[in-house]
Amino acid sequence: MGTGIIILIIIIAAIVLFLFYGIGIYNRLVKLKTMVEEAWSGIDVQLKKRHDLIPNLVETVKGYASHEKSTFEQVTAARANALNAKTVEQQQSAENQLNRSLMNLFAVAEQYPDLKANTNFLQLQNELSAVEADIEKSRRYYNGTVREKNILIDSFPSNIIAGIFGFIKSTFFELEDLAERSVPKVAFL
C-alpha cells in the first residue's frame, strides 16, 4: 500500500468520525428540544390547575366582599390573559400580572375575619399553595433543560450543527420580581 492510499484512508476515517460526531450532536439537540417542550408541558399543566382554582377563590371572596368589584375584575382579566398566552414570554408576563392580582385578592381577604375562617377559602388557599409549589418545581425543571439546550447551541462546534439545522435558543421562564417568587400567602391570626 502506498502512502497515498493511507492518507486517503485517514481522510475518509476523519470524515466518517466527523459525520458520526455531527449526528451525535444533532441527536442531542433534538433530545434537548423535546425535553424543553415536555418541560413546558409540565408547567402548562400546573398553570391550568392554578387557573382552574382561581374562579372558585374569587367567588368565595366575593361572597364576603362584594363591594371589591375592581379587585375581582383584575383577577378575572389577569386569568384570561394567562389562559390566552401563546409564548413563554407572554405566559411569563401574564403570570406576573396574575400574581399581582392574586396578592391584591388575598389583601382584600385579610380584611374579613369571617372569610379567613371559612373552610372553603382555607381549602382553596391550601390547594393554590400546593399548585404554586408544583409550578416552581416544573419551572426549575424547564429552566434546567433550557439551560442545557442553550449551552449546547452556544458551544463550539455544536453551534455549527445547531446553526445548520436551525436550532434556536429557548427562553427561560422566570418571574420578574423577587417578592413574587414566593407563594402568595395570607397570614391568619
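Biologist: Y64 first. Is Y64 buried, exposed or partly exposed?
Modeller: Partly exposed, at 33% relative accessibility. Bear in mind that this is a predicted model.

Biologist: Which helix does Y64 lie in?
Modeller: Helix α1.

Biologist: And what does Y64 touch, leaving out residues up to four places away in sequence?
Modeller: Y112, D114, L115 and N118.

Biologist: How far apart are the C-alpha atoms of Y64 and A82?
Modeller: They are separated by 26 Å. Along the chain, Y64 and A82 are 18 residues apart.

Biologist: What hand is the crossing of α2 and α3?
Modeller: Left-handed.

Biologist: Which residues make that contact?
Modeller: From α2 they are T71, F72, Q74, V75, A78, R79, N81 and A82. From α3 they are Q91, A94, E95, Q97, L98, S101, L102, N104, L105 and V108.

Biologist: How does the contact of α2 with α3 divide by class?
Modeller: Nine nonpolar, seven polar and two charged residues.

Biologist: Now α3 against α5. What are the distance and angle of the axes?
Modeller: The axes come within 14 Å and cross at roughly 155°. Helix α3 runs over residues 88–110. The two are therefore roughly antiparallel, and their crossing is left-handed.

Biologist: Who makes the contact between α3 and α5?
Modeller: On α3, V88, N99, L102, F106 and A109. On α5, F121, Q125, L128, E132 and Y142. By class, that is seven nonpolar, two polar and one charged.

Biologist: And α1 with α5, what geometry there?
Modeller: Their axes come within 8 Å and cross at roughly 160°. α1 and α5 are therefore roughly antiparallel. α1 passes α5 in a left-handed crossing.

Biologist: What classes of residue sit in the contact of α1 with α5?
Modeller: 22 nonpolar, seven polar and 11 charged.

Biologist: Charges, then. How many salt bridges are in the whole structure?
Modeller: A search finds 10.

Biologist: Start with R50. What does R50 form a salt bridge with?
Modeller: With E132. The closest N and O atoms are 2.6 Å apart.

Biologist: Which parts does the pair of R50 and E132 tie together?
Modeller: R50 lies in helix α1, residues 3–64, and E132 in helix α5, residues 119–154, so the pair ties together parts that are 82 residues apart in sequence.

Biologist: Are R50 and E132 buried or exposed?
Modeller: R50 is buried, and E132 is buried as well. E132 is also in the list for the contact of α3 with α5.

Biologist: How exposed are E136 and R140?
Modeller: E136 counts as partly exposed, at 24% relative accessibility. R140 counts as exposed, at 55%.

Biologist: Which residues do shared partners join into one network?
Modeller: R50, E95 and E132, through salt bridges that share partners.

Biologist: What about D134 and K137?
Modeller: Their side chains meet in a salt bridge too, at 4.0 Å from N to O. D134 and K137 are three residues apart in helix α5, separated by about one helical turn.

Biologist: Where do D134 and K137 stand on exposure?
Modeller: D134 is partly exposed, with a relative accessible area of 27%. K137 counts as exposed, at 53% relative accessibility.

Biologist: Last topic, the backbone. Is the peptide bond from F156 to P157 cis or trans?
Modeller: Cis, with omega near 5°. Most peptide bonds are trans.

Biologist: Where is P157?
Modeller: In the loop between α5 and α6, the latter being residues 158–164.

Technical notes:
Residues numbered from 1 in each chain as written. Predicted model: local features only at pLDDT ≥ 70, side-chain atom pairs only at ≥ 80, totals over all residues. Heavy atoms only, no water. Helix = DSSP H or I, 4+ residues; strand = E, 2+ residues; numbered from the N terminus. Buried < 20%, exposed > 50% of the residue type's maximum accessible area, 1.4 Å probe, protein only. Axes fitted to C-alpha atoms, helices over the stretch in contact; angles between N-to-C directions. Parallel < 35°, antiparallel > 145°, perpendicular 65-115°, else oblique. Left-handed = near helix turned anticlockwise from the far one by under 90°. Contact = heavy atoms within 4.5 Å. Nonpolar A, V, L, I, M, F, W, Y, C, P; charged D, E, K, R; others polar.
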